[in-house]
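Open the model in your viewer and keep the sequence panel beside it.

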Amino acid sequence: MLRLAFVTGTEPGKWFDRFAQRTRHGGIEPRDSDDPMVLLESGAVDLALVRLPDARMTERYHRVVLYSEARGVAVPKESVFAEVGQPVPAVELDGEMVQYRLPESGEADVAAVRAALQVVAANVGVVIAPRPLLKILSRKQVVPLELLDESVPQTSIALVWLKERDGDAIQDFVGIARGRTSNSSRQAAPKRSAREKTKAKQARRAQDKKNGAPGTRKAPGKRANQRRRKR
């Protein structure tokens with residue numbers, strides 16, 4: 001069983017299913033968290049799907065960046081921005097009350113974003129944060145849109161784990177998340193039991209016999225031999 005924590009704003013369910021289907025590591029024990037690095041550092045999980053940048057990333061960890069997140073702005077449902085429903089240029093937010101803005105460090109405070117969205121839901125101001133995070137946290141009264149503003153730091157999602165805990169289960173999950181197929185040589189193939197091997201061997205023999213493969217043809221009968229002698 002692989003213990004994995006994933007940060008709010010990610011939806012890794014499809015990877016969990018593929019991991020369970022393609023490997024024999026016992027599946028995934030998932031935990032969603034606003035701050036999965038805390039669980040990783042405490043040893044509560046083996047692997048974490050985290051949002052970068054994160055100042056706690058050191059040489060102790062392996063990390064594999066999977067994708068970048070779009071910049072986003074959450075606006076009230078009754079606003080002009082929501083009505084238009086198009087990406088919002090930075091200049092159009094001039095004069096808007098910003099309840100939360102991703103800091104220059106790029107480190108998102110999920111709890112602060114959640115609290116700020118409650119204010120936006122009351123039709124007051126906007127929130128600037130990674131769009132996937134806004135989509136997960138937004139209520140019906142809030143609409144998350146893409147933000148066109150290069151001054152807002154770019155965030156990314158990565159798999160992170162301690163180097164000392166590296167192993168086959170982690171490597172197999174990383175491979176699946178990066179898009180490797182079930183035929184990849186890097187991904188550990190499920191080992192078959194002796195019973196499964198025996199059944200597979202019997203099935204191959206039966207198929208060979210049905211197809212008339214070499215070594216499975218019956219010896220000529222008595223009548224066939226008599227016909228040959230007459231010729």
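## Aromatic pairs

Four aromatic pairs are counted in this predicted model. Begin by selecting W15 and F173 and showing their side chains. The ring centres of W15 and F173 are 6.5 Å apart and the planes meet at 85 degrees, so this pair is edge-to-face; the angle cut-off for that class is over 60 degrees.

W15 belongs to helix α1 (residues 13-22), while F173 belongs to helix α6 (residues 168-177). The two residues are 158 positions apart, and their pair links distant parts of the chain.

Are W15 and F173 buried or exposed? W15 has a relative accessibility of 10% and therefore counts as buried, the cut-off being under 20%. F173, at 1% relative accessibility, also counts as buried.

Because F19 sits in helix α1 and F173 in helix α6, the pair ties together parts of the chain 154 residues apart in sequence. Both F19 and F173 are buried.

Ring pairs join F6, W15, F16, F19 and F173 into a cluster.

## Strands paired with β9

Hide the side chains, return to the cartoon and select strand β9, residues 142-148. Which way does strand β5 run against strand β9? Strand β5 (residues 71-76) is antiparallel to strand β9, and five bridges join them. To find the pairing, pick V73, which stands opposite L145 in β9.

Next, select strand β6, residues 88-89. Strand β6 pairs with β9 in the parallel sense, over two bridges.

## The whole chain

Finally, zoom out and colour by secondary structure. The chain has eight helices and ten strands. It contains 231 residues, of which 39% count as buried.

Switch to a surface view.

Last, consider the contacts. Among contacts in the chain with a separation of 6 or more, 74% are between residues 24 or more positions apart.

Terms used:
Residues numbered from 1 in each chain as written. Predicted model: local features only at pLDDT ≥ 70, side-chain atom pairs only at ≥ 80, totals over all residues. Heavy atoms only, no water. Helix = DSSP H or I, 4+ residues; strand = E, 2+ residues; numbered from the N terminus. Buried < 20%, exposed > 50% of the residue type's maximum accessible area, 1.4 Å probe, protein only. Contact = heavy atoms within 4.5 Å. Phe/Tyr/Trp six-rings, centres within 6.5 Å; stacked < 30°, edge-to-face > 60°. Pairing = 2+ DSSP bridges.
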